[in-house]
Amino acid sequence: GAANAAKMAQSVGKTKMPTDEAFKILNIDAAEFTKTVPLTKQIIEEAYTKHSSNNDPAKGGSFYLQSKIFRAKEALEKSIEFKEKSEGKDNNEEKDKKDQNSETS
């Protein structure tokens with residue numbers, strides 16, 4: 001099933017997939033997501049589950065396509081994590097600046 005394919009996909013070479021390619025593979029419209037409507041792990045997981053089960057080798061699907069689907073999910077999740085970390089860092093820097101300014105006042 002999908003879990004087995006995910007494990008097998010992990011053993012395939014870990015190449016970095018561009019996020020624009022990942023959006024296309026999972027059929028997610030990147031233009032729909034902005035700062036006010038962020039892409040979430042739930043949206044990625046739902047698209048991954050749908051496309052992974054549709055391409056299940058046990059149902060006549062392709063292991064290759066299922067591997068690409070897994071890599072797309074992985075790339076978008078990493079993209080979200082990176083964005084969250086960078087935004088968190090920016091927020092902490094702004095807070096530190098405000099704290100320093102209030103101390104000097």
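**Lys73 and the ring of Tyr48**

Author: Lys73 is placed over the face of Tyr48, 5.0 Å from the ring centre. The model is predicted, local features need pLDDT of at least 70, side-chain atom pairs count only at pLDDT 80 or more, and totals for chains, interfaces and linings use all residues. Residues are numbered from 1 along each chain as its sequence is written, and side-chain values use heavy atoms, with hydrogens and water left out.

Reader: What makes Lys73 lie over the face of Tyr48?

Author: A charge sits over a ring if NZ of Lys or CZ of Arg is within 6 Å of the ring centre and within 35 degrees of the ring normal. For Lys73 the distance from the ring centre of Tyr48 is 5.0 Å.

Reader: Why is Lys73 called buried?

Author: Buried means under 20% relative accessible area, exposed over 50%, and partly exposed in between (1.4 Å probe, protein chains only). Lys73 has 12%, so Lys73 is buried.

Reader: Why is Asn27 called exposed?

Author: The relative accessible area of Asn27 is 60%, and therefore Asn27 is exposed. Asn27 belongs to the loop between α2 (19-25) and α3 (41-54).

Reader: What makes Tyr48 and Phe70 an aromatic pair, and why is the pair edge-to-face?

Author: Rings of Phe, Tyr and Trp (its six-membered ring) pair if their centres lie within 6.5 Å; planes under 30 degrees apart count as stacked, over 60 as edge-to-face and the rest as tilted. The structure holds 1 aromatic pair. Tyr48 and Phe70 are 6.3 Å apart centre to centre, with 70 degrees between the planes, and form an edge-to-face pair.

Notes. Helices (H or I, at least four residues) and strands (E, at least two) are DSSP runs, numbered from the N terminus.
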